[in-house]
Structures are given as C-alpha cells and as structure tokens.
Amino acid sequence: MNTPDPFEIFLVCAPGLEPVLLEEVIEQGFTSPLAGPGGVTVMGHWPDVWRANLNLRGAVRVLARVGSFMAFHLAQLDKRARKFDWGAVLRADTPVRVQVTCKASKIYHAKAASERIERALVESHSITLSPEAELVVKVRIHDNQVSISLDTTGEALHVRGHKEAVGKAPMRENLAALMLRQCGYTGREPLVDPMCGSGTFVIEAAEIAAGLQPGRSRSFAFEKLASFDPVAFETLRATGAQSQPPAMFFGSDRDAGAVRNATANAVRAGVADCTTFTCHGAAEVRPPEGPAGLVMVNPPYGGRIGNKKLLYALYGSFGATMLAHFKGWRVGLVTSEPALAKATGLPWKPLGPPIAHGGMKIWLWQTPPLR
C-alpha cells in the first residue's frame, strides 16, 4: 500500500440503481468507472476514497479493495494472512471487526476462515479486535481467491449527519438523490413535494442546487485508518463549491409534526433560506409562481404505512390535482404498488427496473411534462 499504484474502490448502491450511480460517478470524474451488480467499481487512491465518501450523493458505502491472494486451505490462509501488510492500512490502536464470506472455494467455512484472519491481525500486527468496531475488514473468498476490502464509510452514507428528525418509513437520502437524477433533476428548476414527511426530497434537491457536499456534517471510518491524512482531507472538505440557490424548493404535508421536522432538518442542513414547508393535504397543493419543474412524491403505499385499500382515493386525488393545476410539470412518484400508481390517472412513462428498498421492491414512476 506504500506504492502509488491505484487500487479498486467499490461504490455500493441499492440494487436496480447501478446505472444511475454510474452517471454520477462519471460526472464526478472518477477513473475507469464500471457498473456491476450492487454498485460501481472505480480505480483510485486514498484521496479518491475520501472524495467518494464526501461527495457522492447516491452511494450507500465505499469499499477499498486493498489486496488479494490465493488460498486453498485454512493453513495457507493463516500463513498468507500473516504476511499481508495490514500495518499499511490499519492502526494498532483502532479496533476492527472481520466479516468473511465464502463461495465456490475449497475454504468453505466462513467462521473458521474468520478466526484465522483475526488471529493473523492480532499476532502479526497487534491489531485490536472488537465485535462493535466501526471499522470493518471485509474478506471475500471466491474461487479460492481471498479479496480484502475495508469498509471506509462506517455508518451508511444516507446518514448525512444533519437530519435528526425523521418520520415513519422515511426515504433514504441516497435513494432520493438517485431518483431525482433519474427524473433529470439538476437543481436548476423548482421542486414540489406534497407529501414531504421529514423533507428528504426537498432538502436533497436544495443541497444539489447549492452544491453542498452530502458528507460535510459527518465523520467516516477511513479517518481511523493508517492511510488517513487529516490535513489533506480538510483541504478536500473545504473545496466544496457552494452557491445560494433561489427559494424554489417546496414541501407540504397534512401532518403538522412532519412539517416541523422537515423545517428543522432544513435549518440543520443549511438550506432553510431556499426551502418552504407548509401544512395541508396533497389535494390543496398548488404550483409556485414561475417556471414549471418537478413534483417528487413518496406517498404511503400500504407496505409499512396505511391500509392499501384506503389509499386509492389518496392517489386518485393526487393525480387529479396534478392534471388540473400542474400543467407543464413533470411528476416522479415512488411506490411498491403498480395499481396505486395507475389510480392517479397520470400518463406514466414505461417503468424502469425495480429498486430494492427496506426488504421490498419499489418503482420510480415518471411522467413527461403534463399537458
């Protein structure tokens, strides 16, 4: 790890959104991006790991693939794990935990493999082990190749660090960011969410417009690695471009508590000046003055909130409001139930692939500009 050679960095995302994350990764200028199952692989160095954690809106976590070797039995795994240069990336005073998966290999017992690697860490480099450690050494044994990755993120990246108040079944920020991107949202048009909950879509859109780094308010697991350079990272954190966008991000909800939470979250995120949250039902929403933009909504869909049979009227009322008052606007709607989306009567485009979210499949439904 002391050489300038680049290594693989795997950017994890929700299954079904890999092509959308790939767009963001290309836009951010990462090297050799390649989408695959569950995420995007790029090549880079440690500053690229820091930048990915700090700047990518759509990633769930960032894994640094720090090395690999072949092992055909446990004794060989033990010997080669002891020779691995753990000290180049891990600090003796920082606890780690080890996760091992085995597939199509002569070493098939993950617990036994984990014990050998843990012993190697302790006996060869005096690394501290803890089952509660934030820093995770991920070992994948596939076709007898032992690949070693470090989870450089810690708590998942949807935890931006400035959103304390959340409601029931909240939309995760990285999912919201990729869905906004799917809808062609760039931050240069107004956004309305008439069922805003804790304000995720509205705040995320405002942050995109302001050029704020999504990870600006939080810490990361990579800060505890031997490869971490705090001065270089603070320089990187200070390079986030910021602008003051116009006040064109609007959320509303019939729940007054949700509106209070969303407002407080916007204040903590530093976008209170360009966001507005009001308390009323979705049928009462009206477009703001000015150009058309995007209506983005994550209504209840009966999986975790609401009785599905009672939701048809809500969706129907929402669709009627859109058709009557939001001509020229595009609509993005998230639901696990195609029948509910169709109950809106809106002119949906063909569906993309399903997205894995919280143990269920959801879809993003999109309209062209309403006529």
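Reply: Asparagine 144 is buried, with a relative accessible area of 9%. Buried means under 20% relative accessible area, exposed over 50%, and partly exposed in between (1.4 Å probe, protein chains only). This is a predicted model: local features need pLDDT of at least 70, side-chain atom pairs count only at pLDDT 80 or more, and totals for chains, interfaces and linings use all residues. Residues are numbered from 1 along each chain as its sequence is written, and side-chain values use heavy atoms, with hydrogens and water left out.

Asparagine 144 sits in the loop between E6 and strand E7 (145-151). Helices (H or I, at least four residues) and strands (E, at least two) are DSSP runs, numbered from the N terminus. The phi of asparagine 144 is positive, about 70 degrees, although the residue is not a glycine. Most residues other than glycine have a negative phi.

E6 and E7 run antiparallel, joined by seven bridges. Valine 137 has leucine 150 of E7 as its bridge partner. Two strands pair if DSSP finds at least two bridges between them.

Serine 126 is in the loop between helix H4 (110-125) and strand E6 (135-142). Serine 126 also has a positive phi, about 55 degrees, and is not a glycine. Serine 126 is exposed, with a relative accessible area of 52%.

Axes are lines fitted to C-alpha atoms, for helices over the stretch in contact, and angles run from 0 to 180 degrees between N-to-C directions. Contact means heavy atoms within 4.5 Å.

H4 also packs with helix H3 (residues 74-83), at an angle of about 30 degrees and with axes 8 Å apart. That makes H3 roughly parallel to H4. Angles under 35 degrees count as roughly parallel, over 145 as roughly antiparallel, 65 to 115 as roughly perpendicular and the rest as oblique. The residues in contact include Leu74 and Leu77 of H3 and Ala113 and Ile117 of H4.
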